[in-house]
Amino acid sequence: MNVIDFRFRPNTAETLSGIQNSSMFKGLCQHIDFSKMKAQTVAECVQDLTANNVVRAVITGRDCETTYGSKANNQSVIDFVQAHPEKFIGFFGMDPHKGMQGIRDLNHAVQTFGLRGAAVDPYLAQLYPNDAKYYPIYAKCCELEIPLVFTTGPATLVPAAVVDHVAPRYIDFVARDFPELKIVISHGGYPWVNEAIIVAERNKNVFIEISEYERSPMSEAYIQAANTMISDKLLYASAHPFIDFRQALQTYSELPFTPEVRQKVMHDNAAKLLGLETAPAVAPSAASADLVRDIVSEVLARLGK
């Protein structure tokens, strides 16, 4: 089965160092023993993805310079995409405090460098998703016809972060105000599991991915919902390098999706959202075709034709 990973970042030495030494994620990295992730070149990452049938991977940028003094990583996203456009799809990270300059930067990244989405981190911006500072970003995404990723989740050990800033109920306001905006709730809106499910179910333009929380308490509701209510809304994502993408693939192979839903989650839902080709229908085998031809011939013979 071909796979589209909706949250991936190549584990280059620069990437790993940037994450480990950031003011936002130092505590989290110590908590999860992030140092065990070994660095690779971009070419090695691409080779490993291909070997594991990951045909495309979305790289989300991050910009929280105003609140945390951390330089945006958007240039590295552009570099990854330009080096391997056949594999990587780039989303431009947005700092809502940068106002119209951020909007101009987004437009330039899409029009000049071919980035295909935007990404925001409300708990790092220290703003609710329905704050007015975000609305020019949403309007520009609608104009450019690109999707937007909201990074949610518990913000574990991130200093000064307020977890309520990423509750899915506030994204519901955005979905209402911008029905043309395709929204992805990253990390499943955890721990508001049922709330995230309902926000995705009730809004045509909202999707979710549950990276890092597939086996957390209450996560079985995500799987049940995918098999029943939101089969077209759940996207596979690994959150590599926080979670090794090979480990994530193994996890998803063990989750109790129905076969039809598994195909949608691992590939087809993301392909539709990104405007890529979905998996083709399975062509009948030669043996099946011969059997059908024989049956038709026999029926026609009995009818004297």
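Predicted model: local features only at pLDDT ≥ 70, side-chain atom pairs only at ≥ 80, totals over all residues.
Residues are numbered from 1 along each chain, and side-chain values use heavy atoms, without hydrogens or water.

- Residues 34-276 are 44% helix and 13% strand, taken as DSSP runs (helices H or I, at least four residues; strands E, at least two).
- The end C-alpha atoms of this span lie 33 Å apart.

**Second largest pocket**
- Its volume is about 200 Å³, the space filled by probe spheres set on the grid points.
- A pocket is an open set of points on a 1 Å grid where a 1.4 Å probe fits, with protein on both sides within 12 Å along at least five of seven lines.
- Lining residues (an atom within 4 Å of a point) include Arg116, Glu145, Glu180 and Lys182.
- α8 (135-144) and α13 (259-274) each supply at least two lining residues.
- The lining has six nonpolar, one polar and four charged residues; Cys and Pro count as nonpolar, Gly as polar.

**Arg62**
- Arg62 sits in the loop between β2 (54-60) and α4 (65-68).
- Arg62 is buried, at 17% relative accessible area; buried means under 20% with a 1.4 Å probe.
- Its side chain makes a polar contact (N or O atoms within 3.5 Å, one able to donate a hydrogen and the other to accept it) with the side chain of Asp121, at 2.9 Å.
- Beyond four places in sequence, Arg62 touches residues including Arg7, Phe25, Leu124 and Thr151, with heavy atoms within 4.5 Å.

Notes: Buried < 20%, exposed > 50% of the residue type's maximum accessible area, 1.4 Å probe, protein only.
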